[in-house]
Amino acid sequence: MRIAAFGEIMMRLTPPEYLMLEQTKELRLDFTGTGVNILSNLAHFGCQTSLLTNLPDNRLGEAAKARVRQLGIQDHWIGVYGDHIGSYFAEMGFGPRPTQVTYQNRRNSSFGVSGASNYEFDAFLAEVDLVHICGIALSLTEKTREAAFILAEKAHALGKKVCFDFNFRPSLNEAHGVLFMKEQYEKMLPYCDVVFGSQRDLTDLLGMELAKTLDASKQFEVLVQQFMTDYQIEYFAGTIRQGEGDKHYLTGFLFDSEKQVKAAPREIVRLDRIGAGDGYAAGVLLGISEGWSLLETVEFATANGVLAHTIQGDVPLTTRKQVKHLMEQPTVDLIR
């Protein structure tokens, strides 16, 4: 399956050694973004991937495009438009201090100022079987919303699989209320086949209600089944994070039209807090594209998400062999 994504390439700037911005004169430079993260991971799994986006015509744009190629993602659908690349500072947390992300210039980035007329959607879709659209496109600007809707509508009409990640960011929606964003998501979802999200996305954003008369363990299952029926969703997936004492665990879930499965919880050891969700999504898309069982898919994806926490930077650089090693030999910590 040829897998592509539509989304923003961002520049990540990270102080070294868990330092805060006030403590350092050095920053590590990376290029990232939901589409970049998922596609690079799938490329490491051996899939054919490509990214549709725009970058500025300057050295930062050239460097970002070069990085995409290094990650194994085809770059021939990366165009040139606008003057800026969106960026963010990631101050790595330690112990009780959380990781702090500070965005800058996202709405004025090349991606943020690009509308549907700045992309060749028809030619792009002729080359792909599944396209991932990040929900941040619905939050960023009117132009990115327009482009995301038109791409999804065209892909759906052509019978291409559409994968969509809620990825709702309240910090990007201070100018719009929840009702406005609810309308945007409701407009997008009828075109989607695979959706990544959470209970909060369904209740707090879409306004769906839990069936309080049911046992608590069944409420989420019934909620998701109703959501999938309402929008004709083929798969719904996500992760649940839990804590027990000073330990943290990741559990993945995956629904299809008939049943749901959950992975066994896996302990999280965090070198980098960002990117685990994209690692999980890449694992799910790999399983779906290769026709794995739901259980095999969710177990692999959860292990991949846990491994993503152990890699510095957003981009999960895991291979199938590494994920299988964690699944089959979790106590072996030295490979010679």
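**Close-up 1. Helices α1 and α9 cross in a right-handed sense.** A crossing is called right-handed if the near helix is turned clockwise from the far one by less than a right angle, and left-handed if anticlockwise. The contact (heavy atoms within 4.5 Å) is made by Thr-34, Asn-37, Ile-38, Asn-41 and Leu-42 of α1 together with Asp-278, Gly-279, Ala-281, Ala-282, Leu-285 and Leu-286 of α9. These residues divide into 6 nonpolar, 4 polar and 1 charged. Here Ala, Val, Leu, Ile, Met, Phe, Trp, Tyr, Cys and Pro count as nonpolar, Asp, Glu, Lys and Arg as charged, and the others, Gly among them, as polar.

A word on what you are looking at: this is a predicted model, in which local features need pLDDT of at least 70 and side-chain atom pairs count only at pLDDT 80 or more, while totals for chains, interfaces and linings use all residues. Residues are numbered from 1 along each chain as its sequence is written, and side-chain values use heavy atoms, leaving out hydrogens and water.

**Close-up 2. Helix α1 (residues 34-44) is largely enclosed by the rest of the structure, because 10 of its 11 residues are buried.** Buried means under 20% relative accessible area, exposed over 50%, and partly exposed in between, with a 1.4 Å probe and protein chains only. Helices (H or I, at least four residues) and strands (E, at least two) are DSSP runs, numbered from the N terminus. Which elements do the buried residues of α1 pack against? They pack against β1 (2-6), β3 (28-32), β4 (48-55), β8 (130-134), α9 (276-289) and α10 (294-308). After α1 comes Gly-46, with a positive phi near 100°.

**Close-up 3. Ala-281 sits in helix α9.** Is Ala-281 buried or exposed? Ala-281 is buried, at a relative accessible area of 1%. Leaving aside residues up to four places away in sequence, Ala-281 touches Ile-38 and Phe-196. From Ala-281 to Leu-130 there are 151 residues in sequence and 13 Å in space, C-alpha to C-alpha.

**Close-up 4. An open sheet of 4 strands runs in the order β3-β2-β6-β7, with mixed pairing.** Two strands pair if DSSP finds at least two bridges between them. At the edges you will find β3 and β7 (100-104), each pairing on one side only. Strand β6 (residues 87-91) pairs with β7 in the antiparallel sense over 5 bridges. Look for Ser-87, which stands opposite Gln-104 in β7.
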